[in-house]
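Good morning, and thank you for the time.

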Number of protein chains: 2
Amino acid sequence: MGEGEIRDVAARVHSTAIRLLRTLRREDDGSGLSAPRLSALSVVVFGGPMSLAQLASAEQVKPPTMSRIVDALVERGLVTRVAKPGDRRSVEIAATSEGIQLLDAGRERRVGALVSRLRKLADSERRALARGVEILERVAR
Amino acid sequence: MGEGEIRDVAARVHSTAIRLLRTLRREDDGSGLSAPRLSALSVVVFGGPMSLAQLASAEQVKPPTMSRIVDALVERGLVTRVAKPGDRRSVEIAATSEGIQLLDAGRERRVGALVSRLRKLADSERRALARGVEILERVAR
DNA sequence: GCGAATCGTTAGCATAGCTAAGTGTTAGGA
DNA sequence: TCCTAACACTTAGCTATGCTAACGATTCGC
């Protein structure tokens, strides 16, 4: 595959990912959380307990910004913030069961919307898509 | 393909798209524009001239929010805002050549970062990826 | 122990999101 | 015709989200 073809694949992967997530984002309305809060919560739920700095870095945001987002999530009982035993400068941010539940419901809406679209594909197309995603997972890692 | 398998593909497409864009977003630092401004500009560049309401809807934002984003883009000379000839209530927002140039440079950085990752794949993998993306394009439309 | 580095928060600013209300334009009916 | 309603956008004013700078509090190195 030549340089130009690789570029073409990259450009299409890029724009398709943007369009897909733009579409699925519409499902987030019912969550009752803003996009930054929902996104931060999802990192904690799927990544497990972590420090504020780790969470800020994962969200590509500075610590003061994340500190306030965590304030709001704690306020709603979706995460806990406790001093780390071994190093009391640091905090451990962990999802509560309520946080996990809220996030799962939202993810269900997004994934469900995507499922109903995938159902319209031919089986061979879904298999090809599954194969492509498997490869893209390694690329995105 | 059973219901559970379709769900699995959907969930993987979803999380992979998120991770991919999160990674590529790091390339946007050098643009000098915030994420909402960059995103609005890209809609105008790729979608062609459109009204404020159309642009706000495309960005899933209310008109007053988009009005101020457009203010900033006009201020920097990246788009123009002119009253529509046939209906002077409405405005036509169009990208300037400078706006197109700025956006293309940013897109080059993102796509370039992706290209350098795709180069590490085997040729057969890139072909499988290309096939998968082709299918996903239809899903996202 | 004591100075320096580290982690998080606080303070203060600009931007981005919203709703409600205002301005100007167009459309439609008496 | 004209006048009322609907429409497109902007303005006003609020909260939330992003930043940098500066401030505790804790830990580490020596």
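Predicted model: local features only at pLDDT ≥ 70, side-chain atom pairs only at ≥ 80, totals over all residues.

Where does Leu136(B) belong? It is one of the 30 residues of the largest nonpolar core, and together with Val13(A), Leu136(A) and Val13(B) it touches the most other members. Helices α1, α5 and α6 of chain A, and α1 (3–24), α5 (97–118) and α6 (123–140) of chain B, each supply at least two residues of this core. There is also a second, separate core of 18 residues, with Val45(A), Met66(A), Ile69(A) and Leu102(A) among them.

Let me turn to the helix that carries Leu136(B). With 18 residues, α6(B) spans 25 Å between its first and last C-alpha, close to the 26 Å expected at 1.5 Å a residue. Its buried residues include Gly132(B), Val133(B), Leu136(B) and Val139(B). In general, an α-helix has 3.6 residues a turn, so residues three or four places apart point the same way. The cover over the buried residues of α6(B) includes α1, α5 and α6 of chain A as well as α1 and α5 of chain B.

That brings us to the contact between the chains, to which chain A gives 43 residues and chain B gives 42 residues. On the side of chain A that touches chain B, α1 (3–24), α5 (97–118) and α6 (123–140) of chain A each supply at least two residues. The largest share, 16 residues, comes from α1(A). By class, this side of chain A has 24 nonpolar, 5 polar and 14 charged residues.

How are the two copies related? Chain A superposes on chain B by a rotation of 180° with 0.0 Å of shift along the axis, at an RMSD of 0.1 Å. That is the relation of a two-fold axis. Within chain A, Gly132(A) comes closest to the rotation axis, its C-alpha lying at 2.3 Å. The same surface serves both copies, since 98% of the contact residues of chain A recur in chain B.

Two or more residues each come from α2 (35–47) and α4 (63–75) of chain A and from α3 (52–58) and α4 (63–75) of chain B. Of these elements, α4(A) gives the most, with 5 residues. The surface near DNA strand D divides into 10 nonpolar, 5 polar and 8 charged residues.

How values were computed: Residues numbered from 1 in each chain as written. Chains lettered and ligands numbered in written order. Contact = placed C-beta atoms within 7 Å. Helix = DSSP H or I, 4+ residues; strand = E, 2+ residues; numbered from the N terminus. Nonpolar A, V, L, I, M, F, W, Y, C, P; charged D, E, K, R; others polar. Least-squares fit on C-alpha atoms with pLDDT ≥ 70 in both. Core = buried A, V, L, I, M, F, W, Y, C linked by C-beta atoms within 7 Å. Buried ≥ 20, exposed ≤ 12 C-beta atoms within 10 Å, placed from the backbone. Expected span 1.5 Å × (residues − 1).
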